[in-house]
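Hi,

Have a look at it first, then read on.

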Amino acid sequence: MAADQKQIDQSFSQKSSLGASQHPTSEPIIVGLTGGIGSGKSTVAAAFRQLGIVSVDADQAARAVVEPGMPALTAIAEHFGEAVMLPDGGLNRAALREIIFSNPAEKQWLESLLHPLIREWIVAQLQAAKSPYVILESPLLFETNQHLLTQATLLVDVPVPLQITRAAARDGQSTAQIESIIAAQMPREEKRSRATYILDNSLPLATLDARVLALHNEFMRRVNRPQESIR
Ligand code: ADP
């Protein structure tokens, strides 16, 4: 708790002038929420929603842009063929994942198609959001440069072994599967060094709401006094 607070104190004042210059006060401040698989992002986003804060989900964006009828799905079907399509016209994600896993060029083709569309979808949702500030929840916030859409970032952080235990208990995936997902994400230490705030989620769930409320109060102070350094 003390360490969280220190992080909050140090980083809040660093970012406040940046936020003020990029954002007129009429536009909500955007806080990027990130963390590796099983770290607790969804749980933290739900706690912010309980406080009336809108959370835009980058995973939902990634699904929305390839729904049947969307131009990206047509482009993917033309590029990869029937093997990546389900009989009902939807995308066969498992088949597509398998192709791009072993083929970096195809992965890059897919990312250059989808990332701009995902970004557009996210920006539209962020602009439509009606809350004093808005959360952008994204497991790959830094990896995909989505942090550039935000004025501050919050990392939900747990040690890797706990991440594996929680993700395995939630999804029923094997340790090896979760480890391979973690290996494809930015290392924990790098995320820690880049984040504006760090929420230690190795602590019991019962303490989480209070710690989210403390962050919420910091963000609200920032919203109400965008031109000032908080500390
Ligand atoms: P993410 O969205 O980052 O993948 P989740 O929010 O789904 O992670 O959390 C992973 C699992 O860990 C969920 O089953 C969730 O209920 C549980 N969890 C989250 N925070 C805590 C905590 N502080 N203590 C115990 N379990 C937690």
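Predicted model: local features only at pLDDT ≥ 70, side-chain atom pairs only at ≥ 80, totals over all residues.

Strands β1 and β3 pair in parallel, with five bridges between them; pairing here takes at least two DSSP bridges between two strands. Strands are DSSP runs of E of at least two residues and helices are runs of H or I of at least four, both numbered from the N terminus.

Residue numbers start from 1 along each chain as its sequence is written.

β3 (residues 133-137) also pairs with β2, again parallel, over four bridges, and Ser 55 sits opposite Ile 135 there. How well covered is β3? Five of its five residues are buried, meaning 20 or more other C-beta atoms (placed from the backbone) lie within 10 Å of their own. Tyr 133, Ile 135 and Glu 137 cover one side, with Val 134 and Leu 136 on the other.

On to β1 (residues 29-34): four bridges join it to β4 (residues 152-157), running parallel, and Leu 33 partners Leu 154.

Put together, the open sheet has five strands in the order β2-β3-β1-β4-β5. Its edge strands are β2 (54-57) and β5 (197-200), each pairing on one side only.

Cheers

Definitions and conventions. Buried ≥ 20, exposed ≤ 12 C-beta atoms within 10 Å, placed from the backbone.
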